[in-house]
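The questions below concern one protein model. Each answer works toward the value or name asked for.

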Amino acid sequence: MSSESHAGPRKRPPPLHHTPRPAGRPAVSGQTHANPVIPGPYEPVEDGLARFNHAPEAAAEAVLLACCASRRWALRVAAHRPYPDLDALLAAADEAGYDLTHDDVTEALAGERSPGLDPTAPSAAHTALRAAHAAYESRFGHAFVICLEGRRPTEHLNEMLGGIRVRMTNERDEERAIAAEELRRLARARLTHLLTNHPEPDTAGAPR
């Protein structure tokens, strides 16, 4: 999340063993919440889910915390392993996300960074986004979170600037509810990316 939150970059979870991606197979692009996802080896979702289901408890929780920094959320999702399929895992993650308390949301937001742009974007775009992030963080006291899953990289700047412009008019409680929903969507997208593409989600939160 190029203006950074005071919490700093998200920690990477311990790697789950993976198989190499076949040559020529593209990595799936990540979420948005900061820099682009680091591309990694391709693996069938069944393999990634099996590794998650059978990982030691601490390792599974660390992986989940890299998707959403609420410890209660991570403990709850990890406690219901094994999951029969990805849909079941995502449903559990959604349910836990809908139940985040005020303190849970505060904890999760503290682990986020405001999303940035690809380094190759024009310097004027980076400057405009940094200014917008700074204004948002000054008003609400936490990083701007937005899930850009399904959006083209060329759309990210307009999506973020437009989102910040609209959400700056919100009252604090209203904006907190929107941020909580974006956290839920980000966690879902990061989990999907983690189990289908790469043993670790992006460290920044997705551009995550």
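Q: How many disulfides does the count come to?
A: The model is a predicted one. A disulfide is a pair of cysteine sulfur atoms within 2.5 Å. By this rule, the count for the model is zero.

Q: Which cysteine sulfur is nearest to that of Cys 67, and how far away is it?
A: Cys 67 takes part in no disulfide. The cut-off for a sulfur pair is 2.5 Å. The nearest cysteine sulfur belongs to Cys 68, at a distance of 8.5 Å.

Q: Is Cys 67 buried or exposed?
A: A residue counts as buried under 20% relative accessible area and as exposed over 50%. Cys 67 has 1% relative accessibility, so Cys 67 is buried.

Q: Is Cys 147 buried or exposed?
A: The limit for a buried residue is again under 20%. Cys 147 has a relative accessible area of 6%, and therefore Cys 147 is buried.

Q: Which helix gives the most to the lining of the second largest cavity?
A: The second largest cavity holds about 30 Å³ of space. Its lining consists of Arg 72, Trp 73, Arg 76, Ala 96, Asp 99, Leu 100 and Asp 104. Three of the lining residues come from the helix that spans residues 71–79, which is helix 3.

Q: How many residues in the lining of the second largest cavity are charged?
A: Arg 72, Arg 76, Asp 99 and Asp 104 are among the lining residues, and Asp and Arg count as charged. The lining also has three nonpolar residues and no polar ones. The number of charged residues is four.

Q: Where does Asp 104 lie, and how far is its C-alpha atom from that of Ala 180?
A: Asp 104, one of the residues lining the second largest cavity, lies in helix 5. With a relative accessible area of 7%, Asp 104 is buried. Asp 104 and Ala 180 are 76 residues apart in sequence, and their C-alpha atoms are separated by 9.4 Å.

Q: With which side chain does the side chain of Asp 94 make a polar contact?
A: Asp 94 is part of helix 4, residues 86–98. Its relative accessibility is 12%, so Asp 94 counts as buried. At 2.5 Å, the side chain of Asp 94 makes a polar contact with that of Arg 188.

Q: What distance separates the C-alpha atoms of Arg 184 and Ala 93?
A: Arg 184 belongs to helix 8, which covers residues 172–196. Arg 184 has a relative accessible area of 12% and is therefore buried. Along the chain, Arg 184 and Ala 93 are 91 residues apart, while their C-alpha atoms are separated by 7.8 Å.

Q: What distance separates the C-alpha atoms of Pro 115 and Phe 144?
A: Pro 115 is in the loop between helix 5 (102–110) and helix 6 (123–140). Because its relative accessible area is 0%, Pro 115 counts as buried. Pro 115 and Phe 144 are 29 residues apart along the chain, and the C-alpha separation is 7.3 Å.

Q: Where is Ala 69, and what distance separates its C-alpha atom from that of Leu 109?
A: Ala 69 sits in the loop between helix 2 (57–65) and helix 3. The relative accessibility of Ala 69 is 18%, so Ala 69 counts as buried. Leu 109 is 40 residues from Ala 69 along the chain, and the two C-alpha atoms are separated by 7.4 Å.

Q: Is the peptide bond from Arg 81 to Pro 82 cis or trans?
A: Pro 82 is in the loop between helix 3 and helix 4. The peptide bond from Arg 81 to Pro 82 has omega near 0°, and the bond is cis.

Methods. Residues numbered from 1 in each chain as written. Predicted model: local features only at pLDDT ≥ 70, side-chain atom pairs only at ≥ 80, totals over all residues. Heavy atoms only, no water. 1 Å grid on protein atoms, 1.4 Å probe; cavity = no way out; pocket = protein on both sides within 12 Å on 5 of 7 lines; lining within 4 Å. Points joined across faces, edges and corners; volume = space filled by probe spheres on them. Helix = DSSP H or I, 4+ residues; strand = E, 2+ residues; numbered from the N terminus. Buried < 20%, exposed > 50% of the residue type's maximum accessible area, 1.4 Å probe, protein only. Polar contact = N/O pair within 3.5 Å; in protein donor to acceptor, adjacent residues only side chain to side chain.
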